[in-house]
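The sequence and the model are shown first, and the account follows them.

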Amino acid sequence: PDGRRLASASSDTTVLVWDVSELATRRRPPGKPLTAADLEALWRDLASGDAARAYQAILRLADDPAHSVPFLAQRLRPVPQVTADRIARLVAELDDARFAVRERAARELSGLGDVAEPALQRVLRGQPSAEVARQARDLLGKLRGPAWLREQRALEAVEHAGTPEARQLLEKLAQGEPQAELTRQARVAAQRLAR
(Lines give C-alpha, C1' and ligand atoms only; values in the text may rest on other atoms or scores of the structure.)
Protein backbone atom coordinates (compact mmCIF):
# COMPACT_ATOMS: atom_id res chain seq x y z
CA PRO A 1 0.00 0.00 0.00
CA ASP A 2 2.90 2.41 0.55
CA GLY A 3 4.36 1.76 -2.92
CA ARG A 4 7.74 0.66 -1.57
CA ARG A 5 7.56 -3.06 -2.39
CA LEU A 6 6.37 -5.09 -5.35
CA ALA A 7 5.62 -8.80 -5.26
CA SER A 8 5.87 -11.00 -8.32
CA ALA A 9 4.88 -14.64 -8.62
CA SER A 10 5.97 -17.24 -11.11
CA SER A 11 4.47 -20.49 -12.37
CA ASP A 12 7.29 -22.36 -10.58
CA THR A 13 5.62 -21.26 -7.29
CA THR A 14 8.32 -18.75 -6.35
CA VAL A 15 7.37 -15.34 -5.05
CA LEU A 16 9.86 -12.49 -5.09
CA VAL A 17 9.44 -9.25 -3.15
CA TRP A 18 11.23 -6.35 -4.78
CA ASP A 19 12.34 -3.15 -3.02
CA VAL A 20 11.11 -0.36 -5.31
CA SER A 21 11.26 2.46 -2.77
CA GLU A 22 13.84 4.29 -4.87
CA LEU A 23 11.51 4.27 -7.86
CA ALA A 24 8.69 5.70 -5.77
CA THR A 25 10.79 8.73 -4.82
CA ARG A 26 12.73 9.24 -8.06
CA ARG A 27 11.40 12.13 -10.10
CA ARG A 28 12.16 12.90 -13.69
CA PRO A 29 13.68 16.28 -14.34
CA PRO A 30 10.87 18.76 -14.90
CA GLY A 31 10.04 19.61 -18.48
CA LYS A 32 9.21 23.05 -19.75
CA PRO A 33 6.24 24.71 -18.01
CA LEU A 34 2.88 23.74 -19.47
CA THR A 35 1.13 26.32 -21.60
CA ALA A 36 -2.64 26.71 -21.86
CA ALA A 37 -2.52 24.83 -25.19
CA ASP A 38 -0.45 22.04 -23.59
CA LEU A 39 -2.95 21.72 -20.75
CA GLU A 40 -5.90 21.49 -23.16
CA ALA A 41 -4.11 18.85 -25.24
CA LEU A 42 -3.24 16.82 -22.13
CA TRP A 43 -6.85 17.10 -20.93
CA ARG A 44 -7.96 15.58 -24.25
CA ASP A 45 -5.29 12.87 -23.96
CA LEU A 46 -6.64 11.84 -20.54
CA ALA A 47 -9.79 10.60 -22.30
CA SER A 48 -7.85 8.78 -25.00
CA GLY A 49 -8.46 5.12 -25.75
CA ASP A 50 -4.68 4.84 -26.12
CA ALA A 51 -3.60 3.99 -22.55
CA ALA A 52 0.07 4.82 -23.19
CA ARG A 53 -0.85 8.28 -24.45
CA ALA A 54 -3.13 8.85 -21.45
CA TYR A 55 -0.41 7.69 -19.05
CA GLN A 56 2.08 10.11 -20.58
CA ALA A 57 -0.50 12.87 -20.06
CA ILE A 58 -0.85 11.88 -16.39
CA LEU A 59 2.92 12.02 -15.91
CA ARG A 60 3.29 15.35 -17.70
CA LEU A 61 0.48 16.92 -15.66
CA ALA A 62 1.99 15.58 -12.44
CA ASP A 63 5.39 17.01 -13.39
CA ASP A 64 4.08 20.59 -13.51
CA PRO A 65 1.66 20.91 -10.58
CA ALA A 66 1.99 24.70 -10.50
CA HIS A 67 0.08 24.86 -13.77
CA SER A 68 -1.80 21.56 -13.90
CA VAL A 69 -3.46 21.53 -10.47
CA PRO A 70 -5.25 24.89 -10.92
CA PHE A 71 -6.23 23.79 -14.44
CA LEU A 72 -7.65 20.49 -13.16
CA ALA A 73 -9.37 22.27 -10.26
CA GLN A 74 -11.41 24.20 -12.84
CA ARG A 75 -12.54 20.98 -14.52
CA LEU A 76 -13.01 18.57 -11.63
CA ARG A 77 -15.95 19.42 -9.41
CA PRO A 78 -17.35 17.55 -6.41
CA VAL A 79 -20.32 15.42 -7.39
CA PRO A 80 -23.46 17.15 -6.05
CA GLN A 81 -25.25 15.39 -3.22
CA VAL A 82 -28.48 13.83 -4.38
CA THR A 83 -31.36 12.06 -2.65
CA ALA A 84 -32.83 8.74 -3.71
CA ASP A 85 -36.16 10.55 -4.16
CA ARG A 86 -34.66 12.97 -6.67
CA ILE A 87 -33.12 10.12 -8.66
CA ALA A 88 -36.45 8.27 -8.64
CA ARG A 89 -38.24 11.42 -9.84
CA LEU A 90 -35.73 11.91 -12.67
CA VAL A 91 -36.03 8.27 -13.74
CA ALA A 92 -39.84 8.60 -13.75
CA GLU A 93 -39.52 11.76 -15.88
CA LEU A 94 -37.74 9.73 -18.56
CA ASP A 95 -41.26 8.54 -19.44
CA ASP A 96 -42.92 11.97 -19.37
CA ALA A 97 -45.18 12.83 -22.30
CA ARG A 98 -43.26 16.08 -22.86
CA PHE A 99 -40.01 15.77 -24.82
CA ALA A 100 -38.38 18.70 -22.98
CA VAL A 101 -39.00 17.04 -19.60
CA ARG A 102 -37.55 13.73 -20.81
CA GLU A 103 -34.46 15.45 -22.20
CA ARG A 104 -33.90 17.50 -19.03
CA ALA A 105 -34.24 14.36 -16.88
CA ALA A 106 -31.74 12.50 -19.09
CA ARG A 107 -29.28 15.43 -18.87
CA GLU A 108 -29.58 15.58 -15.09
CA LEU A 109 -29.18 11.82 -14.71
CA SER A 110 -26.15 11.93 -16.98
CA GLY A 111 -24.68 14.67 -14.78
CA LEU A 112 -25.10 12.44 -11.73
CA GLY A 113 -22.86 9.83 -13.33
CA ASP A 114 -22.45 6.55 -11.52
CA VAL A 115 -24.68 7.69 -8.66
CA ALA A 116 -27.66 7.07 -10.94
CA GLU A 117 -26.43 3.63 -12.04
CA PRO A 118 -28.32 1.48 -9.49
CA ALA A 119 -31.64 3.20 -10.26
CA LEU A 120 -31.12 2.84 -14.01
CA GLN A 121 -30.25 -0.85 -13.61
CA ARG A 122 -33.45 -1.38 -11.57
CA VAL A 123 -35.51 0.27 -14.30
CA LEU A 124 -34.13 -2.09 -16.94
CA ARG A 125 -34.88 -5.13 -14.77
CA GLY A 126 -38.53 -4.06 -14.66
CA GLN A 127 -40.96 -3.57 -17.52
CA PRO A 128 -40.04 -0.08 -18.78
CA SER A 129 -41.55 1.55 -21.82
CA ALA A 130 -39.44 1.48 -24.96
CA GLU A 131 -38.47 5.14 -24.45
CA VAL A 132 -37.35 4.63 -20.85
CA ALA A 133 -35.42 1.48 -21.75
CA ARG A 134 -33.64 3.33 -24.57
CA GLN A 135 -32.78 6.28 -22.35
CA ALA A 136 -31.60 4.05 -19.49
CA ARG A 137 -29.37 1.97 -21.81
CA ASP A 138 -27.92 5.13 -23.35
CA LEU A 139 -27.18 6.62 -19.95
CA LEU A 140 -25.64 3.41 -18.64
CA GLY A 141 -23.49 3.17 -21.76
CA LYS A 142 -22.02 6.59 -21.08
CA LEU A 143 -21.26 5.99 -17.39
CA ARG A 144 -17.87 4.38 -17.91
CA GLY A 145 -17.06 6.23 -21.10
CA PRO A 146 -14.28 8.68 -21.97
CA ALA A 147 -15.49 11.41 -19.57
CA TRP A 148 -15.44 9.00 -16.62
CA LEU A 149 -12.02 7.69 -17.64
CA ARG A 150 -10.69 11.25 -17.93
CA GLU A 151 -11.85 12.04 -14.38
CA GLN A 152 -10.14 8.95 -12.99
CA ARG A 153 -6.90 9.72 -14.81
CA ALA A 154 -7.02 13.38 -13.78
CA LEU A 155 -7.34 12.26 -10.15
CA GLU A 156 -4.25 10.13 -10.63
CA ALA A 157 -2.33 13.12 -12.00
CA VAL A 158 -3.42 15.25 -9.03
CA GLU A 159 -2.36 12.55 -6.58
CA HIS A 160 1.02 12.13 -8.28
CA ALA A 161 1.54 15.89 -8.14
CA GLY A 162 1.38 15.57 -4.35
CA THR A 163 1.56 19.29 -3.57
CA PRO A 164 -0.45 20.96 -0.80
CA GLU A 165 -2.73 22.41 -3.52
CA ALA A 166 -3.22 18.92 -4.93
CA ARG A 167 -4.18 17.63 -1.48
CA GLN A 168 -6.65 20.50 -1.09
CA LEU A 169 -8.24 19.64 -4.44
CA LEU A 170 -8.56 15.98 -3.47
CA GLU A 171 -10.10 16.91 -0.12
CA LYS A 172 -12.58 19.20 -1.88
CA LEU A 173 -13.56 16.43 -4.32
CA ALA A 174 -13.88 13.98 -1.42
CA GLN A 175 -16.73 16.14 -0.03
CA GLY A 176 -19.03 15.24 -2.93
CA GLU A 177 -21.84 12.70 -3.08
CA PRO A 178 -20.58 9.77 -0.94
CA GLN A 179 -21.81 7.13 -3.41
CA ALA A 180 -20.01 8.66 -6.40
CA GLU A 181 -16.88 6.96 -7.70
CA LEU A 182 -15.09 10.31 -8.04
CA THR A 183 -15.78 11.09 -4.38
CA ARG A 184 -14.60 7.68 -3.18
CA GLN A 185 -11.43 7.76 -5.29
CA ALA A 186 -10.60 11.31 -4.20
CA ARG A 187 -11.07 10.35 -0.54
CA VAL A 188 -8.72 7.36 -0.88
CA ALA A 189 -6.12 9.41 -2.79
CA ALA A 190 -6.22 12.15 -0.13
CA GLN A 191 -5.69 9.53 2.56
CA ARG A 192 -2.69 8.09 0.70
CA LEU A 193 -1.16 11.56 0.38
CA ALA A 194 -1.75 12.24 4.07
CA ARG A 195 0.42 9.22 4.87
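A residue is called buried when its relative accessible area is under 20%, exposed when it is over 50%, and partly exposed in between, with a 1.4 Å probe and protein chains only as cover. Helices (H or I, at least four residues) and strands (E, at least two) are DSSP runs, numbered from the N terminus. The model is predicted, so that local features need pLDDT of at least 70 and side-chain atom pairs count only at pLDDT 80 or more, while totals for chains, interfaces and linings use all residues. Residues are numbered from 1 along each chain as its sequence is written, and side-chain values use heavy atoms, with hydrogens and water left out.

## The chain as a whole

Of the 195 residues, 39% are buried. The accessible surface, computed by the Shrake-Rupley method with a 1.4 Å probe, comes to about 11700 Å², and 54% of this belongs to carbon and sulfur atoms. A contact is a pair of heavy atoms within 4.5 Å; among contacts between residues at least 6 apart in sequence, 61% join residues at least 24 apart.

In helix 10 (residues 164-173), the residues Ala166, Leu169, Leu170 and Leu173 are buried. They lie on the same side of helix 10 because they cover an arc of only 100° around the axis, the arc being that of the directions from the helix axis to the C-beta atoms. The cover over the buried residues of helix 10 includes helix 4, helix 9 (146-161) and helix 11 (181-194).

Helix 2 has as its buried residues Leu39, Leu42, Trp43, Asp45 and Leu46. These cover an arc of only 160° around the axis, and therefore sit on the same side of helix 2. The exposed residues Ala37 and Arg44 are carried on the face of helix 2 turned away from its buried side. The buried residues of helix 2 pack against helix 3 (51-63), helix 4 and helix 9. In an α-helix there are 3.6 residues a turn, so residues three or four places apart point the same way.

Rings of Phe, Tyr and Trp (its six-membered ring) are taken as a pair if their centres lie within 6.5 Å, with planes under 30 degrees apart counted as stacked, over 60 as edge-to-face and the rest as tilted. By this rule there is 1 aromatic pair. It is formed by Trp43 and Phe71, which are edge-to-face, at 6.2 Å centre to centre and with 80° between the planes. The pair links distant parts of the chain, since Trp43 is in helix 2 (residues 36-46) and Phe71 is in helix 4 (residues 65-75), 28 residues apart. Both Trp43 and Phe71 are buried.

Arg75 also lies in helix 4. Leaving aside neighbours within four places in sequence, Arg75 is in contact with Glu40 and Trp43.

## Single residues and their exposure

The table lists the relative accessible areas of some single residues.

| Residue | Class | Relative accessible area |
|---|---|---|
| Ala116 | buried | 0% |
| Thr163 | buried | 17% |
| Arg75 | partly exposed | 28% |
| Thr13 | exposed | 70% |

Thr163 is placed in the loop between helix 9 and helix 10, and, its neighbours within four places in sequence left aside, it is in contact with Pro65 and Val69. Ala116 lies in the loop between helix 6 (99-112) and helix 7 (117-125). The C-alpha atoms of Ala116 and Leu139, which are 23 residues apart along the chain, are separated by 9.0 Å.

Thr13 is found in the loop between strand 1 (5-9) and strand 2 (15-19). Most residues other than glycine have a negative phi. Thr13, although not a glycine, has a positive phi of about 75°.
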